[in-house]
Amino acid sequence: MTSSEEIRECAPQSLNIHYFANFCHEAGTYFRFHNLAAGLVKHGHRVTVFTCDFFDKGWKTRTELRNGVTYVIQPQHFLAIYLFNACDPVTVSRRLLSKTPSCDIAHLFQPFPGAALPWLRAPCRARFYDWDDLWIGGLMSGPVDRWRDYWPRTCVGYLEQRLPRWADHVTAISRYLAALARERGARAVSVVNSGSWPLEASDKLATRRELGLQSDAFYVGFMGRTTAELPWCVSALAANAESMPKLRLALCGMPTSDLNDIPEHLRSRIDYLGQLTPTQAQAFSSCLDLALLPMQASNFNQSRLPQKFADYLATGVPLLCSAVGECAELIPKFPWVRPAGATQQEWEQSFTSAIDHVRRNAVPKFDRELFERNMSWVGLSKTLAQIYLQVLESKKSSPVIKGRE
């Protein structure tokens, strides 16, 4: 297994790279493959993303340019209404039959058949698989009651077991998934974390006015759709509400149903901003006094690196983060990130201590150079390009690999 620190410098070379993704709307790990692609374009490489639009029920394939990245987008077939839209067999078949031109690198993101099958057929010099989430036993967990749920879980389970050994190289978002890829037969694995784009300093008070937040409050904030530990934030607010009259909790990204169990007496201390655009979410993070990222020590949390970790880092605000999984590996690198425990009781204790540090101005200042070197998409995409070049160098005598028919 290699890491970004272990990747040696390679001679500059423009690559023709094809990404295969299951969707193209701005949600979830769209940000991972798109931003890696956008970073690669900045370094002079050509990237084309072959993907699907779940919200387009037409028939005609379209091409778009997004941040310098070419997207070839097939619409979702109307059968998605009746079958789980990630694995609709008609759309999967259409994508499989759509041939792609030859490329240097064919890189698959996520274990869905609509992207995996055309990736397997793609003629390329090297085939990569990106493992950024644990699906079976993670995102896809719990009982299956309907065919609509059974069908995609069967497909994803089959692919998640086999894709690591079908690729020439696996890129994993965490050390946990890198080790699991090795167990499943991966030939070579590199850890490539998810990052964020550097942000310019903003006016905190002006940003709060724009978002409708109180200018003089002490804001702790939580954003995102993975909210199993949201009650930890609420309980920490309750434990400190009396001693800190100006303490407020700002929330965004989760559905309103996630707020239903919050006690009524605490709702007046909570600002819920709903669903925000990526730009608004950056503004949300930048105007907090303390960003929050609680995680229990579950298999899912051990395996992942939440996107919000890097997004919080990019704003430079103090961050309280549970030392779990990949976050536990990264926290010591960034002095303005304070480690917290992996149980609710430990979290509440860490919460009170972190607030005290912020109020006493005892948190180390944001180091932009340190962030850009380790967690910027620009740096991460450069590392990824170096991995591509190393793999191609090792296969230099090999011809273009024909896809599987």
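Modeller: A residue is called buried when its relative accessible area is under 20%. Please bear in mind that this is a predicted model.

Colleague: Which residues of α11 are buried by that rule?

Modeller: In α11, the residues K308, F309, A310, Y312, L313, A314 and T315 fall under the 20% limit and are therefore called buried. Seven of the nine residues in this helix, which spans 307-315, are buried, and the helix is mostly covered. G316 follows α11 and has a positive phi, near 85°.

Colleague: What makes α1 a largely enclosed helix?

Modeller: The count of buried residues does: 10 of the 13 residues of α1 are buried, so the rest of the structure largely encloses this helix. The buried set includes Y30, R32, F33, H34 and N35. Leu36, Ala37, Ala38, Gly39 and Leu40 are also buried.

Colleague: How do you know that the span of α1 is close to the one expected?

Modeller: Helix α1 (residues 30-42) reaches 18 Å from its first C-alpha to its last, and 18 Å is expected at 1.5 Å a residue. The helix is followed by G44, with a positive phi near 95°.

Colleague: What makes a group of residues a nonpolar core, and which residues have the most contacts inside the largest one?

Modeller: Its members are buried residues of kinds such as Leu, Phe, Trp and Cys, joined through side-chain atoms within 4.5 Å. The largest such core has 91 residues, and W119 and F309 have the most contacts inside it. Helix α7 (residues 230-241) supplies the largest share of this core, six residues. A second, separate core has 33 residues, among them Y71, I73, L380 and I387.

Colleague: Which residues does F309 touch?

Modeller: Leaving aside residues up to four places away in sequence, F309 touches L293, L319, C321, C327, L330, I331, V337 and M375.

Colleague: Why are β11 and β14 called edge strands?

Modeller: The open sheet has six strands in the order β11-β10-β9-β12-β13-β14, with parallel pairing. β11 (270-272) and β14 (337-340) each have a single partner strand, so one side of each lacks a neighbour in the sheet. Neighbouring strands of this sheet are turned by 25° against each other on average, direction ignored.

Colleague: How do you know that β9 and β10 are paired?

Modeller: Pairing requires at least two bridges. Six bridges join β9 (residues 218-223) to β10 (residues 247-252), so the two strands are paired, and they run parallel. Y219 stands opposite R248 in β10.

Colleague: What do β3 and β4 form, and in which sense do they pair?

Modeller: β3 (residues 62-66) and β4 (residues 69-75) pair in the antiparallel sense over five bridges. T63 stands opposite V72 in β4. The two strands form a hairpin with two residues between them, and N67 in the turn has a positive phi of about 50°.

Technical notes:
Residues numbered from 1 in each chain as written. Predicted model: local features only at pLDDT ≥ 70, side-chain atom pairs only at ≥ 80, totals over all residues. Heavy atoms only, no water. Buried < 20%, exposed > 50% of the residue type's maximum accessible area, 1.4 Å probe, protein only. Helix = DSSP H or I, 4+ residues; strand = E, 2+ residues; numbered from the N terminus. Contact = heavy atoms within 4.5 Å. Axes fitted to C-alpha atoms, helices over the stretch in contact; angles between N-to-C directions. Expected span 1.5 Å × (residues − 1).
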